[in-house]
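Please keep the sequence and the coordinates at hand while reading.

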Amino acid sequence: PPSPPLPPPPPSPPPLRPPFPPPAHPPAPPSPPPSPPTPPTRPPAWLANPCAENIRPGGDLSLCVHLAANDLRGAPLIGAKLDFVDARSARFDYADLRFASLQGADLTGASFIGAKLDETDLTGVALDGAVMAKASLRCSTFTSVHQGNHINFDSADMYGVRMTDSQLLDCSFRHTILSNISVEDSDFARGYFESNRFAGAAFIDSRFREVSMRFANLDGVRLDHARMQGSDLTGASLTRGLFTEIQLQKARASGVIFDHSDLNFADFSSASMRGASFRGANLEHATFTSAYINGAAFANATGLDSAVGLKSAIEGVHVSGLAGVVLSNAALNVGSRSQSSSFSSISVDCGTTKY
């Protein structure tokens, strides 16, 4: 018999869905052009100096006559000898002069911006108009610097500097580090010290006439026999310090704080000290003749009975801390006063190492 008919073939499966196309990426940026070759570094200008062979650590430039108005920026002069050289208007910016000797050198108008002068000997140098901004002068020595007018010490590090018999008149010390500086018989007339800190500093027989020390911090400082006539100490802090025989005649010292300081024989004649604080201070034989002390505070101060002119100075003004204190109109006691001493025994660690 004939075969039965074959069943119809099953329907074809639906076609597979084509895969998703890969995400489109932006074309890669073209390669940057090759950079031009680095130009050769320009050699320092001091290499062209006729004394270049001695411009080196420990070099002797004391006989070199080619330093005035020359470019010595970045020169390696550690421990070099530059005694009595003529380097007027020379540029020592960022030079390394640590442990160098510059005795008697003429550095008038020279620039030492950012230079290293740690433990450098600056005895007898001429520095009129020099710029030492941002320089490091840690533990350097200034002795008999009598030509030091209009120097710029802004932002310099003068930690541990020792200064004797020097005159730095009309100089700027903005933001200068003056910690542990030791000064004797020196003159800073008309200098600018606003908002500076003097931690551990000692000034003996020094002169600060007409300086600006507004809002300066002199806490714990020793200002022995300092002459500060006509200076501006508005808002300054002078607590727990030694200010024996400090002379502040005609000074502007509103809001100044003398708390717990020794002001033995201090002279505040004709000074303006509105709102000043003398809490716990020693005012033995201090002079307040014609001083303006409205709002001043004297709580726990000692020696008030021997203060000169205080009784008349408080007439008609408001002060505090004098309840029960017997004041007199005694004349100035010109008997034995304290004697200034030396700081030769002070030792400061400069943190520098000999090369």
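## Burial of the cysteines

A residue counts as buried when its relative accessible area is under 20%. The model considered here is predicted, and by that cut-off Cys 171 is buried, because its relative accessible area is 2%. Cys 51 also falls under the limit, with a relative accessible area of 12%, and Cys 64 is likewise buried, at a value of 8%.

## The disulfide

Where two cysteine sulfur atoms lie within 2.5 Å, the pair is taken as a disulfide, and by this rule the structure has one disulfide. The bond joins Cys 51 to Cys 64, with an S to S distance of 2.0 Å. Cys 51 and Cys 64 both lie in the segment before strand 1 (141-143), so the pair ties together parts that are 13 residues apart in sequence.

Which hand does the disulfide have? The torsion about the S-S bond of Cys 51 and Cys 64 is about 95 degrees, and the disulfide is therefore right-handed.

## The enclosed space

Rolling a probe the size of a water molecule over the atoms shows where empty space is left. When the whole structure is searched, one cavity of 30 Å³ or more is found, and the largest cavity holds about 30 Å³ of space.

Its lining is made up of Met 158, Met 163, Phe 173, Leu 178, Ile 181, Phe 188, Phe 193 and Phe 203. Sorted by class, the residues lining the largest cavity comprise eight nonpolar ones, with no polar and no charged residues.

Definitions and conventions
Residues numbered from 1 in each chain as written. Predicted model: local features only at pLDDT ≥ 70, side-chain atom pairs only at ≥ 80, totals over all residues. Heavy atoms only, no water. Helix = DSSP H or I, 4+ residues; strand = E, 2+ residues; numbered from the N terminus. Buried < 20%, exposed > 50% of the residue type's maximum accessible area, 1.4 Å probe, protein only. 1 Å grid on protein atoms, 1.4 Å probe; cavity = no way out; pocket = protein on both sides within 12 Å on 5 of 7 lines; lining within 4 Å. Points joined across faces, edges and corners; volume = space filled by probe spheres on them. Nonpolar A, V, L, I, M, F, W, Y, C, P; charged D, E, K, R; others polar.
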